[in-house]
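Welcome, and please take a look at the model below.

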Amino acid sequence: MTLDENSILESLRQSVISCDEDEACRLARVALNMGFDPLVAIERGLAAGLREMGAAFDRHDIFLPDLVIAAETMKAACSVLESGLKELPSHRTSDIRTVVIGTVQNDIHDIGKSLVALMLFCAGWNVVDLGTDVSTDGFVDAVVENEATLLGLSSLLTTTAPEMAKVISALEKRGLRSKVRVIVGGGAVDEVYAKRIGADAYGANASDAVRQSNALFKELEGGRLRDS
Amino acid sequence: MTVRGYPHGMVLNPLSQQQIEQIHESTLEVLRKTGVLFEHEEALRILGEAGCEVDFDTRVAKFPAGLVEGCLRSAPSSFTLRAIEREYDLHLGGTRVAFSSGTAVDVLDTLSGERRPATLKDAVDVIRILDKLDQIHHIFVPFGILSDKPKEVAFEWQTALTFRHAKKSVGHGVAFPGCAKWQIEMADVVGAQLIAGAGAVPPLSYSHSMADAIIQFSRKKHCVSVSQAIACGATGPVTLAGTLIQGNAEILAGITLSQVVSPGNPNMYCSYTAPLDMRSGGMAVGSVESAILGAAVGQLARYYRIPSRTLFPQVNAMVPDQQSGIERAIQLVMTVLGGISIICFAGQLDDEKTMCYEQILIDDELCRMVARILEGIGFTPEAMAVDLIHEVGPLPGNFLIKRHTRDHWKKEHMLPTLFNRSPFEQWRMEGSKDIVTMAREKVRAMLEEPVPECRLPKEMNQEITRILEAVEREKGVID
């Protein structure tokens, strides 16, 4: 990577941290003109900035309005970079990766789930965010409708975590379990719990969720190639 | 830089202008016709020379209205109290409110939960906790008695401890005869100015030690805070209006003495008044009447343009429970809105008999809340946000994603540092802790930090040690 490329990534990262939407969009256009891979610009520039903001939020160094505006800044710059994706005909024609995401029934916690949704979107996923308090059928129907490759379930409450298990068994009953990978996360679950209910992955935080999701997608893609 | 407390954005006036004038006129009449007793020969002589009609047999001085009003004019409307470290100088008066600590005899031990007599180590611990809290602008000596020191020297010892361990400005009681001169000597060594609390003994009397303190501290240009401490129905009228009039007479007599001794010297108008509890005969310090009186005292002091102080909020609660929270919160809101310049209360329970570490931290948070109330409602075009309301419009409009929110929330909304706002499940997962438990964890962490070294330069500290030895020799507690 040349110095220029590093400095543009650094500037993208910084623009998210300083919540400077105009600057973020300008840099996104510069990156496209320079022939940057939009995904690299997102992952190593914008998303790096948002991850830092997420960590600062967890430490109570910054607060909700800061995090949300940083995410909005990133979204705006992402849509600039997205336009670049369309101009690259070779890119991602075969990998329509769609994730359905939501917080389980009786749980209205939104922030962590929305941050994961936002970061998945920024990492190139087609994100269908069902919101909060989503029923088991709501999840399963959305997986079918959107031909989702990944289902993200969030629960902050220990009382609602069992809803995740219900969704997974509903997928099995409807014969969808082999077609869709399931990732779980939120304050009420951990890796052990995820394994116990038969989830494919556990995201410890938003950026971990994105890493795990991408790994699941690669695995699925590999499977598909073998099938064909 | 100077510590300045919080500006009043909201002020409460429980008295009408006419009522204030009635209080003032009645007060002057009490001072002129009945007068005030001083168990202090020199005080009587000074007041006599200034124009009072003095009877040396009954030891009563009767005050002409002109003298009192002249002294009210010569007392400054605001002043800056000198701390050892100048950046902690405290601005008092004007339209500012500052917070300070309370005082006690016992402590509620944070480890055992038992109430026990305070020790020298407790005094150091309380001082260092207070010194760290950002809502506490000033430190008052924490204990009237130290169980591991002779009672005659408790105040001098704590004066020394505050100088040694606190960077903030300090205030001192003068309850024991003869401590004024030693406190002044120590203050001279470190170059700090004290708030000396001197109170009338109701009804309408000054003890020798209090009169002596007013004279000595005034001569040395320390701030003299003159207080009234009426028990309504016992040492003053049972009615609040009558209490205000008698209390006003007691305070104005003390301020007059201070101003005659040292014209222009900083004084504070201070209240410590509560009804007599007609079941127990004790002071109903946690009463709502004390809250109303606190606001009225603030208003009277503003009328006289003299900085004010309360030793309230006080509570009758024994532990930092709901009673404590409610009693102190009501009184704090009322005294703050009344415009009291400095409010000395943090940590105290049970009619200032018990100091509670957890309560100190809860009070720090309470001050943060009340300071926000003081600010009131900002009304700039930006704050009115009409353009923004248009811009966001009906659903799915969302103000959280607007920069206006990010730019203004910290100024508009107070963020608690101690109180819990977690959702139930999170609160339960974190151990279902109540406020006292959370405060206790913080206190214990603070107390586990090493006791800071003495802040004073070596020579100054040696001088303080020498003075303490001289005090103890003079009072016969060491050989």
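This is a predicted model: local features need pLDDT of at least 70, side-chain atom pairs count only at pLDDT 80 or more; totals for chains, interfaces and linings use all residues.

Residues are numbered from 1 along each chain as its sequence is written, and chains are lettered from A and ligands numbered from 1 in the order in which they are written.

Helices (H or I, at least four residues) and strands (E, at least two) are DSSP runs, numbered from the N terminus. Two strands pair if DSSP finds at least two bridges between them.

Let's begin with chain A, where five strands make an open sheet with parallel pairing, ordered 2-1-3-4-5. Strand 2 (126-129) and strand 5 (201-203) of chain A each have a single partner strand, so one side of each lacks a neighbour in the sheet. On average, neighbouring strands here are turned by 25° against each other, direction ignored. Helix 6 (residues 136-146) of chain A lies across strand 1, strand 2 and strand 3 (150-154) of chain A, and runs at about 165° to strand 1 of chain A. For these angles, axes are lines fitted to C-alpha atoms, for helices over the stretch in contact, and angles run from 0 to 180 degrees between N-to-C directions.

Chain B has an open sheet too: four strands in the order 3-4-2-13, with mixed pairing. Its edges are strand 3 (53-55) and strand 13 (205-206) of chain B; each has a single partner strand, so one side of each is left without a neighbour in the sheet.

| Strand pair | Direction | Bridges |
|---|---|---|
| Strand 1 (residues 98-103) and strand 2 of chain A | parallel | four |
| Strand 2 (residues 36-38) and strand 4 (residues 60-62) of chain B | antiparallel | two |

Within the chain A pair, A:Val99 has A:Val127 in strand 2 as its bridge partner. In chain B, B:Val36 stands opposite B:Ala61 in strand 4.

Chain B is divided into domain 1 (6-14 + 71-373) and domain 2 (381-412), with bounds that come from an automatic or database domain assignment. Their C-alpha centres lie 42 Å apart.

Finally, how many residues does each chain bring to the contact? Chain B gives eight residues and chain A gives ten, where contact means C-beta atoms, placed from the backbone, within 7 Å. On the chain B side, helix 14 (403-412) and helix 15 (424-429) each give two or more residues, and the largest share, four residues, comes from helix 14 of chain B.

Terms used
Two residues are in contact if their C-beta atoms, placed from the backbone, lie within 7 Å.
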